[in-house]
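Here is a friendly walk through one protein model, written for someone who likes to look at the side chains. Please keep the viewer open as you read.

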Amino acid sequence: EYMGILNKKMIWTYAENQSIPVDPLSIKVEPTGNFYSNIAKFCEVAKIRIHPCLKEPEVDNDPLMQAALNPETLEKLEDNKEVSPVEKVVKKEITTLSIFTKRIDKGSIYGLQFAFPLSQIHTLKLSNNGFSYENCEVMIQALAASNISRLFFDWNPIPSPKKKKDSVNESVMPDSVFAKLLENNKLEYLYLRANEIDDEMIPGICEKITAHEKLKCLDLSMNLIKGPGVKQLAMALRANASIELFGLGSMGLTIADLKPLLAEIGKIKLTEEEANSLKEKIKDRDAILEKNKKAKGKKEEPVPKVNDIFQDDQGTCYEVKKKGFRHLNIGLNSLDDAATPELDQLLSRTDSHFIVTVASKMLGKDSCKLLISKYGERAVIQLL
């Protein structure tokens, strides 16, 4: 009976870990070389239970791990002797952490904040975790201290915070947690699918996209974004030079909604006046680059972002937008045969490395055949 009570006390509960006021700065823990060991040590000192998803995996039923952990292997590891690939399993540190369908309490997030910087984890997959706004803000702090460059934050709709008064007593909406996630300049791949992100949240997100210099992939599929939100995202993509992959799937968007975004991709034909204007901007940009080269330690002048210009054999000039863009996912939207000309133009003005993904119940077979016959694997089309 006593052991039963003791074992029950050792079981993690969300409420218990959430209610304990843990200050991560006050926790003094001697770090180890292992992520799970660091989590365990933090929880021991903080007097909280280890979250089930943060416990070291059991090896009892894993033949590979059993082979790696036999006494002879451990002796070799301690003596730094040559070991086989199987035996090296015990030394391998995890690089990906996945937490699916489990709530994450504040104490455990503080543990992550301690363990992340000491680990080799570069990919974090979170899905359906029931975050509160408060806990999500703590998670953002933990991510800022980490080396994570790939973040999957899916099926985690965060309740919008209440409006607050600013210095002039006007009611303003604080940034959504999704905009705050984009403040992390270490992130290169960010998936924010099925989070009930709507047009009201888009301005804050766009502001962060514009300033982010390392983000390569942003997937906003399965949210609540409509035409006005897409238009704002198109303007943010225009100002961002790093994004190569972008997802806006499964939101019921029409080709009219997506037109502003498509117009920001590929070689866009210019009038003579527009071409001359762009050439002048390029000339001014290049002059600043040369000036900065000669600065020799002095403060450099900000370099304006200007697209390149392309001139064909006939002398027609084009502005090259999103030169490094590689993949646009607009599948499972409301795209019918009226979208075919726009998709045709998009693929015709982009390079061979660019791919567009479309999955639709409304797109006809003839439209699919046309696009696939002209562009092959660059047009990934699925009829539902």
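Phe131 is buried, with 6% relative accessibility; buried means under 20% relative accessible area, exposed over 50%, and partly exposed in between, using a 1.4 Å probe and protein chains only. This is a predicted model, in which local features need pLDDT of at least 70 and side-chain atom pairs count only at pLDDT 80 or more, while totals for chains, interfaces and linings use all residues. Residues are numbered from 1 along each chain as its sequence is written, and side-chain values use heavy atoms, with hydrogens and water left out.

Across the whole structure, a search finds eight aromatic pairs. Rings of Phe, Tyr and Trp (its six-membered ring) pair if their centres lie within 6.5 Å; planes under 30 degrees apart count as stacked, over 60 as edge-to-face and the rest as tilted. Two of these pairs share Phe153:

| Pair | Centre to centre | Between the planes | Kind |
|---|---|---|---|
| Phe131 and Phe153 | 5.4 Å | 20 degrees | stacked |
| Phe153 and Phe178 | 6.3 Å | 75 degrees | edge-to-face |

Phe131 sits in the loop between strand 2 (123-127) and helix 7 (133-144), and Phe153 in strand 3 (residues 150-154), so their pair ties together parts that are 22 residues apart in sequence. Phe178 belongs to helix 8 (residues 177-181), so its pair with Phe153 in strand 3 links parts 25 residues apart in sequence. Phe153 counts as buried at 1% relative accessibility, and Phe178 does too, at 0%. Helices (H or I, at least four residues) and strands (E, at least two) are DSSP runs, numbered from the N terminus.

Another place to look is helix 3 (residues 35-46). Its twelve residues reach 16 Å from the first C-alpha to the last, close to the 16 Å expected at 1.5 Å a residue; the expected span is 1.5 Å times one less than the number of residues. Which residues of helix 3 are buried? They are Phe35, Tyr36, Asn38, Ile39, Phe42, Cys43 and Ala46. Seen down the helix axis, these buried residues of helix 3 fall within an arc of 160 degrees, so they line one face; the arc is that of the directions from the helix axis to the C-beta atoms. Their cover includes strand 1 (96-100) and helix 6 (106-115). Ring pairs also link Phe35, Tyr36 and Phe116 into a cluster.

At the start of helix 3, a side-chain oxygen of Asn34 comes within 2.9 Å of the backbone nitrogen of Tyr36. Lys47 follows the helix, with a positive phi near 60 degrees. Within helix 3, Lys41 is partly exposed at 35% relative accessibility. Leaving aside neighbours within four places in sequence, Lys41 is in contact (heavy atoms within 4.5 Å) with Val29, Glu30 and Thr32.

Thr357 lies in strand 13 (residues 355-360) and is buried, with a relative accessible area of 19%. A polar contact of 2.7 Å joins the side chains of Thr357 and His327. Such a contact is a pair of N or O atoms within 3.5 Å; within protein, one must be able to donate a hydrogen and the other to accept it, and residues adjacent in sequence count only if both atoms are side-chain atoms.

Finally, the overall picture: the protein chain has 14 helices and 14 strands, and 43% of its 384 residues count as buried.
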